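I would ask everyone to turn to the sequence and the structure, which I shall now put on the screen.

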Amino acid sequence: MSKLPNIRRSPPSSESGNAESDSGSSGWEDQNELDDQEETIPVKCVFCDLKFDGGAANVWSHCTKEHNFDWHSVVRSLGLDFYDKVKLVNYIRKNASIVGTIKKEDFESEEYLQPIIEDDPILLELDDDEEDGGVPVDATASVLPIDVSDPAAATALIQTLTQQIHDLETNFANYKKAVAEDYLKRAETSDVVYARPSAVPEGKRDDDTHYFDSYSGNDIHETMLKDTIRTEAYRDFIYDNKNVFKGKVVMDVGCGTGILSMFCARAGAAKVFAVDNSNIIDKARENIFENGLDNIITCIRGKVEEIILPVKQVDIIVSEWMGYCLLYEAMLDSVLYARDKYLAPDGLMVPSECRLLVAAMHDSDYMNDSVHFWNNVYGFRMSGMKERIKEDVVVAHLKPSSLASEPTVFLDLPLHTIKTGELVFTKPFEVEIKENVESLDAFVIYFDNYFSPSRKSVIPANAKAETWAGEGVAFTTGPGGKETHWRQGVLMVQDGVGLLNTGQKITGDLTYRKSPSNSREFEIEIDWEVVGKDKKHKQVWHMR
Ligand code: SAH
């Protein structure tokens, strides 16, 4: 049985789950249309690695000067049409150098219709080129080959130009179609883009294969997408802060279906690298293509630790890496690796801060339903079923009234600065009982998430995600918020401590450490005491 999808990403229960907004229908559809984006994508030389702003014209003049290659005269002398020019560009890019005089036969193969660089901007400019083998189109604007005072000649010229525009549009549409078909073919067959092969070194345990397999099917992604609290928080933050995303280079670590990448592209990002090591990346590619965003988003299959990103740094890292009790799955380790390797020094992490909270719990209904239930099952005792029930963290959504104390933060994770080493920790905590309760049934752990548009934003220490009205977006996974697919971690205590009175305090230390048998699982240890009572308690729970 596959454990990860069952444990990490179970759908919220139907009662409180998805009623409000099935497909995120809170009006964003209307805002999805972008403000006009002016993309100025640098164009790479066909021979060397230099890139030029200002379009193809600058590349061609550089080629003439530096590579002794005069594009315009080659086009004219060989009488190249639109497709020939596409092939010539790809031919040069593929072979990187041209020895001797170039001949049309050298690049007539259909293989050269396939772009060497995905979304190669130079190809998109070929229609602006000297289509008739002579005058560049925009040159007609300043040097008109007619007497403009002659209306008949002007009309004739307009007709000619209109025809030329029509032909160019047809050529371009055909080219886009050919590229699209080719793209789909490649999406179906290709496996690795910019990725190094990922092999498990001999003798090293493989905790990954099952993990990434668990993300390859639809169900787990459907659950996440239908978690509207989660998905809408990302969407709202990204769409509310288009000024932050506009023109930026973004990396989506663990893109899944590509949803966060598409939000970023729609918000005006110039380039998004969508990385995932699960087979779901094939679906992401299709989804991105279907929505016409493949000119902005590039999908890269592979572990973020192993891929080679085609850029040195990115402006923003967006990722939904959170697991049960926040750190289950250990995906944050990968996101921090990506941050340290690729994020620009002033770059932004989305989300920007998470907080882990703990509270005392007393809930007789919950205990009856999950533990005492085994005392009488259709008239039979099944005590054996209870034996290990308190050894594992149970994932469940509680009522606010289940909490016997206010929650308290035991770990703050500022995502721009936190180090991987800090994800294994022991932290002190103290909670205060709100009203007399018969017993301490469990500790409850959950997390809050903050999305700030600036890495300098400070979230006040006493902020509550459910009511936070700061700059940005926040949500809680606690009992005080609408249910998310993470629900809460319930850590039932073995030793009851009897009656607890209002104002009584429980203090202790809370430890998170990786499970010795699987680095994606972990153990939580709580050492605690009721202040004023002598007895010390210690218990370990497994998150698996
Ligand atoms: N961003 C998507 C999916 C989030 S689930 C969404 O918000 O809906 C996390 C995804 O991260 C999974 O698809 C998983 O395969 C991927 N992932 C986890 N660790 C990764 C790593 N080290 N490298 C690449 N992808 C990773």
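I begin with the largest nonpolar core, which has 100 residues; Phe443 and Tyr512 touch the most other members. Among the contributors, helix α15, residues 331-342, gives the most to this core, with 6 residues. The core draws at least three residues from each of domain 3 (205-350) and domain 4 (355-543). Please bear in mind throughout that this is a predicted model.

Let us stay with Tyr512. Which residues is Tyr512 in contact with, leaving aside its neighbours within four places in sequence? Its partners include Cys325, Leu327 and Leu356, as well as Phe410, Phe425, Ile445 and Phe522. Apart from this, there is a second, separate core of 29 residues, and Cys45, Cys63, Phe69 and Val74 are among its members.

Strand β11, residues 425-432, pairs with strand β15, residues 505-515, in the antiparallel sense over 8 bridges. Within that pairing, Phe425 stands opposite Tyr512 in β15. Strand β15 pairs in turn with strand β16, residues 518-530, again in the antiparallel sense, over 10 bridges. A hairpin through 2 residues joins β15 to β16, and Ser515 stands opposite Asn518 in β16.

I turn next to an open sheet of 5 strands. In what order do its strands lie? The order is β5-β4-β3-β6-β7, and the pairing is parallel. At the edges are β5 (297-301) and β7 (343-350), each of which pairs on one side only. On average, neighbouring strands of this sheet are turned by 20 degrees against each other, direction ignored. Strands β3 (residues 249-253) and β4 (residues 271-276) are joined by 5 bridges, with Val253 opposite Val275 in β4.

Helices lie against this sheet. Helix α13, residues 259-266, packs on the sheet and touches β3, β4, β5 and β6 (314-319); its direction makes about 180 degrees with that of β4. Helix α15, already mentioned for its 6 residues in the core, lies across β3, β6 and β7 and runs at about 150 degrees to β7.

Finally, consider helix α10, residues 218-226. Which of its residues are buried? Ile220, His221, Thr223 and Met224 are buried. These four cover an arc of only 155 degrees around the axis, and they therefore fall on the same side of α10. On the other side of α10, Asn218 and Asp219 are exposed.

Thank you for your attention.

Key: Residues numbered from 1 in each chain as written. Predicted model: local features only at pLDDT ≥ 70, side-chain atom pairs only at ≥ 80, totals over all residues. Heavy atoms only, no water. Core = buried A, V, L, I, M, F, W, Y, C linked by side-chain atoms within 4.5 Å. Buried < 20%, exposed > 50% of the residue type's maximum accessible area, 1.4 Å probe, protein only. Domains from an automatic or database assignment. Contact = heavy atoms within 4.5 Å. Pairing = 2+ DSSP bridges. Axes fitted to C-alpha atoms, helices over the stretch in contact; angles between N-to-C directions. Arc of directions from axis to C-beta.
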